[in-house]
Amino acid sequence: MNNLLLTAGAVGLFTTALHIFGGQITLIRPLLQSTLASDVKACLLVCWHTVSAYLLLTSGLYLFAGLNPPAEPAQDITVLLNAISSFYLLFTALFIVIGWTFFGYRTFYKLPQWTLLLPIGVLGLLGTTNS
């Protein structure tokens, strides 16, 4: 069992639930009630739920890898987990950099999503080095 990957998966599932249910209330409902064109709303909703699917599937992969570590280090799963972890770190950077252009230093609390994405990426990378 790999506790770092299990923790990354657990934080990922928590983030998924927060994204789907909390985001539905705070972001998606206002978006759908806005005066934006229907095609823009539909496209943004697809993008939103693309992230939902990514969060759910990658959290499941972290949990699977944490519960089923290979008897010998498996290069293919390590490369995949490292790529996924790198995406989480990239998403963290995007929230901070893009948020900074809108809010300056206030981005750290105006767009707090980075606080959940960062540990998933870090734990995922650490989990593959401690296999």
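Helices (H or I, at least four residues) and strands (E, at least two) are DSSP runs, numbered from the N terminus.

Entry 1, the model. I note that this is a predicted model, in which local features need pLDDT of at least 70 and side-chain atom pairs count only at pLDDT 80 or more, while totals for chains, interfaces and linings use all residues. Residues are numbered from 1 along each chain as its sequence is written, and side-chain values use heavy atoms, with hydrogens and water left out.

I counted 5 helices and 0 strands. The C-alpha trace spans about 55 × 30 × 20 Å along its principal axes. Of the 131 residues, 31% count as buried (under 20% relative accessible area; exposed is over 50%, partly exposed in between; 1.4 Å probe, protein chains only).

Within α5, the buried residues are W114, L117, I120, G121, L123, G124, G127 and T128. Their cover includes α1 (3-33), α2 (38-67), α3 and α4 (107-110).

I located F102 in helix α3 (residues 75-103). F102 counts as exposed because its relative accessibility is 63%.

Conventions. Contact = heavy atoms within 4.5 Å.
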